[in-house]
Amino acid sequence: MQNNVKNKSKISEVLGRLAGQQIFIPIAALLLLAIFNLIMDPSFYTVTLGHNNAGDPVLSGYLITILDYGSELAILAIGMTLVTAATGGQDISVGAAIAISGSVILRVLCGTDSRPDTLQAPIIVAFLISCVVAMLFGAFNGALVAYFKIQPMVATLILFTAGRSIAAWINNNELPIVSDKTFTYFGGFIPGIPIPTPFFIAAACMIVTALVLKFTNLRLYTQAVGINESSSRLNGLNPQFIKFLTFVILGLCVAVAGLIKVSRLSSINYSVIAKDIEMDAILAVALGGNALSGGKFNMTASILGAYVIQFLTTTLYKFNVQSDALSAYKAVVVILLVVLSAPIVREKCSALWKKIKGTHAKEVA
Amino acid sequence: MKEKAVLEMKNIHKSFPGVKALQAVDFTLCEGEIHALMGENGAGKSTLIKVLTGVYGKDEGQIFLKGHDKEAVIKSPQDAQRLGISTVYQEITLCPNLSVAENMYIGRTKGAVQNWKKMNADADKILKSLDIPAKAGQQLSSCSIAIQQMVAIARAVDMDCKVLILDEPTSSLDEQEVQKLFGLMRDLRSRGVGIIFVTHFLEQVYEVCDKITVLRDGQLVGEYEIKELPRVKLVAKMLGKELDDMAEIRDAELEYKEDTSVPVLEAQGLVSDAGIKPFDFYIKKGEVNGFTGLLGSGRSECVRAIFGADKLTGGTIKKDGKPVKINKPLDAMKNGIAYLPEDRKMDGIVGDLSVRDNIILAAQVLKGFFKPFTKAEANKFADEYIRLLDIKTASADTPIKSLSGGNQQKVILARWLLTHPEYLILDEPTRGIDVGTKVDIQKLVLELASKGMSITFISSETDEMLRTCSRLIVMRDRKVVGELSGEDLTQNKIMGTIAGGEKE
Amino acid sequence: MAASKKSSETNKGLRGRLNNMTNTNLLLLITIIVFFAMYIAAIVFQGKGFLKPQTFLNILNANAALIIASCGMSIVMITGGIDISVGGVAALVSMCCAVYLDHHDGSVFGAIVIAVAIGLAFGLVQGFLVAYLDIQPFIVSVAGMFFARGMTTIVNTNPFNVVNEAFVKLKTTRVVVPGLGSVNKLGKYVDAYVEIGVVVAILLVIVLFCVLRWTKLGRNFYAVGGNKQSALMLGINVKRTKFLAHLLCSLLAGIGGFVYFMHVGSGSASHASGMEMNAIASSIIGGTMLSGGVGNIAGTLFGVLALSTIQNIVASAGLDQAWWTGITVAAMLCLFLLIQSVVIARRKKA
C-alpha cells in the first residue's frame, strides 16, 4: 500500500515535470486524439500495403494519410513559428501565397500552352523560380511589418486578399495540367518506395531547419527581438531586419509547400488550393505551446503540433465531417487555446490552484 | 485634522514583492500652499502619489480629506476625481485625437448626449480665465506640449479640485512655458487650492513652493518650510548625508593623475535627438570617470549618445585619436564600447531567455550570425561568469526574469564583460539592488580599471561615485555645468555644483 | 489628389490650413476627393453609363450590406481593434434565415430576429474575449470567421434560393427615388429606385454618425482608441467601451448579413466572401486609422463608394475576371495604408 503511494508520487512527479515542458501540450493533445480513435474505432490504425494504379507498392491507411497531408502544414509551421516569435503576429497570407507559388511552378513548367505534352522547363528550375517569387512576396509582407510598422495580420491581409487573384492572373486564369509523371512524385509516391514523398520532403525541411538553428544564431536573434526589441537593439541587433528575414524564410517554406500542393493534383484550383491552411498553421504554432504574442519558441513542438492538427482533421473526416465544416471545430480549438493561455486567465487559474493546494495542504496537516 | 489642512495622509505603508516602497509616511497639505515632494529616484514619491490617486491600494494607513469626517476611501482614479483630487502626470494623459474641450470634459459628463455648444462655450470660458492660449474646438495634438499640460490642469481646475497633484509637469517645458505654468499655480494657490508639486528641478522648487517634504528610501525624512532649508541642505537630505560627515578620505591610489596620453575615446560637440545640449567628453585608458547630477539632468542621455543608442544629430567621436562613425549600437560595440543601460527591465534583460543566453548575447552578436558559440563554449562562459560575479541562480538555464534585481544586473554586467570591452559604460548599475551586490560591483569596477579598462560610472548615490571615480562631470538641466577632480572631489563640492548658485 | 498636394506645397496659406486640420477631417477630405476623381474618371473613360443616376443607385443597391458592415468595422477600428468575422457572420445569417424561411416556413420578422440574435451572440463572445480577457482582437475574430463559415456549412451544405412569398415580396420591393428617373430607349419614363436595404443602410449611417459625433459613448470610442491609458485616467471604463464596440460591430454584421440576404435572396456558405476585407479596406480608405482614435462614418460611406466605383470601372473595362477585383481591393488597401503611415510620420515630425 505504502509502496503504491510512493510510486504514485513518483509518477506524479514525473508527470509534473513533463507538464512543465512546452512539448507536453502537443503530446497530450496527440494522446487524447489517439485514445479517442482507439476507443471509437481501432481500425483507424490499420496500415495496408497495396498497389496504386501504376502498379507500384504504396502504403495506405489513416496514419499514412496523416503523415502525408501533415507535411505541408509541418513545413509551414516552421516559418510561421519564426514569424510569430520575432513579430508577435502571424502571417495569414500563406494559403494565398501557396496558390501564387504553385501557379508560378505550373506556369514555368507549362509555358504558354496550358496542356503541353512535354515539360517546358526542368522541374528544379520551376521550383527555384517559385522560391524566388514566394520569397519576394514574403519580403513584401516583411517590409510592411518591419519598416512600415503595420501590424503583421493587417499587413498580410493585403496578400490574403490579392494572392489567389494574382495566382489566377499568372496563368491567365487557365488551369494548366502537367502530364509528366515525374512531377507527381513530389506529392505522391516515387516508384518502388511505399512511403509518400511529402513525408520525405518535410523530413528534409526539418533537418535543414535543425541545422540552421544549430549553425546560426537564428534562434537567439528571433527570440531576443520577440521578447525585448529595445534591449536587442542595444545589444547590436537590427530588430527590423530580423523581422523582415523571418517573413522571407516563411516565403521559402511557402514555396516548398506549394510544390507539394500542385504536385498532388498536377494542376491547380486557385480558390481551393491550400484553403484555410493559414488557420491550421497558426493553430499548429499555438498547439505547440508557443506564445502567439512572440518570444521563446520550440520548433519541435510546433512541428508536432502540425501533425496533431492533421490528426484532428483526419479524425473529423473519418467521422464524415464535411471539409467546409472543419473550420468550425478548429476555431473552437483555437479559442480554447488562446483563452487558456491568456495571462488574465492564467493568473486566475494559478490563484485558484494555490487556494486548492492550500486547503489540501491544511487537510493533510 | 489640523486646521486649514485639506489633505492628511497618516502612517502610509505600501510594499511590492521584495520592496518596501513606503514605510510609515505622513504627509499633510494645507489649503493655499504649494508643497514640493522631493526625493531621489526610488524614494517613494510616485508611489505615494499613486496611493493618493487610487492607482495603487495602500497596505496600511489612513487618508483624510477636508470636509469628510471619515477616512477617505480611494480605490480608483475615478474615486480620487470624485473626492476632488486631480492629477496632472508627467506624460500627458489626455487623448491627442480629441478636441481641447472634449479632453476637458470627457469621462465626467452626465447623460448620453453631449451638448457641444455648451461644452465648447464653458471650455472657452475656463481657458480664458486661466489665460491659456488654446481654443475649445482645436484638436489637442495641434497644441504644444506646454499647452496640453495646461489643458490637463484646466481640466483638473474645472473639476473643482481641492488637491492638485503636479507630477513633474515641467520636464518637457521651456523656460517661458514654465513661467506661465507657475503663474497658473500661483493663481490657483490664491484661490485656496492645495498643490503637490513633484519635480527634479531644484530652482523651480525654490521659485514657487512654500513647503518641502523629503522622502528617502520609502521613509519620511521631514517636512520643512522653504526658508529653513537652503539648497545644499535639501540635496543632503535627499541623498541622506549630513554635511558634517561628508569629508571622506579617498583612496590614495585613485588620485587623479595628469595624463597627456591620447584618450581611449574622445567626443566633441556631441548632441543627440534626446534633447541634451552639445557636450565634450574624453576618457583615458584605465580611468574611471562619472556623470553626476540629479535624475533627469541628462546624464543617461549623454552616455546613450556615446553608445549610439539615441540618434546622433551632431558632433564627432574619436577612438584612440582616430575618428570613428557611431550610428547604431553595433558600431559602438565594434569599437570596443559596452553599455549597461539605466532601465534594466526595458533595455537590459531579455526576460524569457535563460541566464546563459543573456550572458552570451552581446558577444554572440559581435561574433556574427553564422558563428554561434557551441553549447560547450556557451556553458563555459556562463559558468565562468556566474562564478566570477557570484550570480545567484538555480542554473544557467533559469529564465533571467526569475532572478532578483541584483543578480539580473550582474548577468547584464557579465554580458558586457564577455565582449572584453576597452571602454565600459555603467549607467546606474547599482540602482535597486542590495547593499552587498552594490559593493561587489564597485570593487569590480576598480579592479577592471586597474587592468586597463576605461569605465564611465553613473550613480545616483554620490558616495559610490566618490569611491570609484577619479573625475566627475556634473550635469544640470541637460547641460554639462562642471568637472571635478582631485581635491575637488568631495560631497560638499559636488552638491554645491549640482545645486548651482542660489538665486536671490 | 496629386494636384491638391501640389497646390498645398506652393500655397503656404492652404498648407497651413491643411496642417491645422484634424486627422479625421484630412483623411476624410482625401477620401472624398478620391471618390469624385474616380467617378469622374469613370464617366470620362467608361462613357455615359455612369452619368445615369440609376448606375449610382445600383452601386448602392449592391453595396448596402457592405456599408452597414463597414460602419461596424470602423467603430471597432476607432477603438483600436479589428473584426475579421463580419463576412462569416453575414454568411451564417443568410444561411440561417434561408433555412428558417423555407424549411421551417418561418416569418420574415422571425428571420430578422434570428439575424440580430446571431450578430449579438458573436458580439457578446468576441467582445468578452477581447475586452475582458485581453486577447488580441485579430486572433479572436479570425477564429470567429472560421467558426461562422464552418457553422454555415453545418446548418446547410448546399446553397439554395429562398421562395418564401413574404420574403420575396420584401426582396423585390423598390423604393422610388423621386426626380432621378430617366427616359429609356423606348421613350418610356423609368423611375429610379433603391432596395429596402439601402434605406436601412442610410438610416444606420445617419444614426451611427450622430452616435459617434454627439454621444458620450461615441466620444469614448475615440478616447479609448486615441490613448487607452489616458482614457482610463480620464475616468472612462475602457473595458466596457471596447466590449460595446465589438458588440456593435457584430450586431451590424448581423444586420448587414440580413440586408445582403435580401439583396441576393439565397443562402450559401460562400456568401459575403471577402466582405471583411472590403469592410476593412473601405474603412481605411474612408480615413479610419488602423492605430485607432481616428475615423468617421461619413468617410466610411465614401470609402465603400470609392471602392465599389473602382470595382465597377474594372469590371466594365472588360477586365471582368473575378481576380481583378481582389487585386484592386488589395492595391487600394495597400496604397491607403502607406498614405496613413506617411501622414502619421509627417505629423509626428511637425
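Biologist: What share of the 504 residues of chain B count as buried?

Modeller: 48% of them, where buried is 20 or more other C-beta atoms within 10 Å of the residue's own, those atoms being placed from the backbone. This is a predicted model, with local features needing pLDDT of at least 70 and side-chain atom pairs pLDDT 80 or more, while totals for chains, interfaces and linings use all residues. Residues are numbered from 1 along each chain as its sequence is written, and chains are lettered from A and ligands numbered from 1 in the order in which they are written.

Biologist: How many helices and strands are in chain B?

Modeller: Chain B has 17 helices and 19 strands, counted as DSSP runs (H or I, at least four residues, for helices; E, at least two, for strands) and numbered from the N terminus.

Biologist: New topic. How many residues of chain A and chain C are in contact?

Modeller: 36 from chain A and 34 from chain C; a contact needs C-beta atoms, placed from the backbone, within 7 Å. On the chain A side, α6 (152-170), α13 (326-341) and α14 (343-364) each give at least two residues.

Biologist: And with chain B, how many residues does the contact take?

Modeller: 17 from chain A and 23 from chain B. The elements of chain A that give two or more residues to that side are α8 (218-227) and α9 (229-234).

Biologist: Back to chain B: what box do its C-alpha atoms fill?

Modeller: Roughly 70 × 55 × 45 Å, along the principal axes.

Key. Contact = placed C-beta atoms within 7 Å. Buried ≥ 20, exposed ≤ 12 C-beta atoms within 10 Å, placed from the backbone.
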